[in-house]
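User: I want to learn how to read contacts of aromatic rings in a model. Please take me through them.

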Amino acid sequence: MNSFFDRVYFNNTIHDYIVACGIIVAGTLLLFIFRRSLLRSLVRWSERTSGSLDNVIVNSIERFGTSALQFAIIYWGLSYLQLSAKTEKVIHVATSLVVTYFILRLISTIILIVLQNRIRRQQNGETKIRQLGGLMLMINIIIWITGVVFLLDNLGYDVTAIVTGLGIGGIAIALAAQNILGDLFNYFVIFFDRPFEAGDFIIVDDKMGTVEYVGIKTTRIRSLNGEQIIIGNSNLTGSRIHNYQRLVNRRVVLHLNIDYRTSPQKLKIVPDLIRRIIDAKPDVRFDRAHWMAFGDWSLKFETVYIFLNADYTRFMDTQQQINLEIYEALLANEVYFVTAPHVPMAPPKPEA
């Protein structure tokens, strides 16, 4: 029986092959048990905690740690065998490729999870996460290029020529694609400086709408008419942008043109009447109301008040109610508006 296990094939006995297979099978079985029991418990525990660091660690183990352990088990089993120089070189290259792949994917995933957790805590976080696509694309390009250069260097290749070629090629690409790189640079300006974000209602020159998506070259805006407006990032950062999503309050200036035939006694009550109407409204702060000037064909009154809510529909509802009550109150006191020049008339007779 011993002679059977002592038989040699490709520099290894049958006993060596059985031990190598046993290492791989036993390690795979233990890894399966770890996935089904301990790892699931760790996932449930991380979901119940309030911090984000444990989520990042557990998610990284679940996505890459188990696969890396599976490869390590296979490598451990194969290392028990006596392999030829050519086979060992193939395994070394394969191991370098796999380790580099897992490390780069792990770095990329950790950066993505950290950014998502940070942005998700902000207002409209889920909407803003869609803007990460362009940023993660650039981060992944940098990570993978750096990783490939290090891999080639570890495999014994001369990377000096590659790095020099990348530098010269980068200069040539930069000169040939100045507009694209300008939009790309301004994408980072928009992402980090945040003059606006996805979901904001903005006005750019004569265009207005809600920002749907911020890409690495263009930003897409959904207009009030329903069509999509696509604007280059360079054009956006070079324009004056009105961001109404960040509006805190609205200053309203109300002008009234009162008929010249109105008596002084009735003119005196107009400012106080307007003040009482505005003060009775919620989310409104009265500023002032004055007879401002003598116009060519009317007496000009100016009223200023502040609406303390950013909601546009509530603002319009309140403004409509204020206008209606002022109109009704003035008519009830026989104070009339003038909307067009009229033939001058003698002032009204003094009241008895």
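Analyst: Start with a charge over a ring. The charged end of Arg250 sits over the Phe315 ring, 5.0 Å from its centre. The criterion: NZ of Lys or CZ of Arg is within 6 Å of the ring centre and within 35 degrees of the ring normal. Lys300 lies over the face of Trp297, 5.9 Å from the ring centre. This is a predicted model: local features need pLDDT of at least 70, side-chain atom pairs count only at pLDDT 80 or more, and totals for chains, interfaces and linings use all residues. Residues are numbered from 1 along each chain as its sequence is written, and side-chain values use heavy atoms, with hydrogens and water left out.

User: How is a pair of aromatic rings described?

Analyst: By the distance of the centres and the angle of the planes. Rings of Phe, Tyr and Trp (its six-membered ring) pair if their centres lie within 6.5 Å; planes under 30 degrees apart are stacked, over 60 edge-to-face, the rest tilted. A search of the whole structure finds 9 aromatic pairs. One of them, Phe201 with Tyr244, is edge-to-face, at 6.3 Å centre to centre and 65° between the planes.

User: Is Tyr244 buried, partly exposed or exposed?

Analyst: Buried means under 20% relative accessible area, exposed over 50%, partly exposed in between (1.4 Å probe, protein chains only). Tyr244 has 35% relative accessibility, so Tyr244 counts as partly exposed.

User: What geometry do Trp291 and Phe301 have?

Analyst: Trp291 and Phe301 are stacked: 5.9 Å centre to centre, 15° between the planes. Phe301 counts as buried because its relative accessibility is 2%. Trp291, at 36%, counts as partly exposed. Ring pairs also link Tyr260, Trp291, Phe294 and Phe301 into a cluster.
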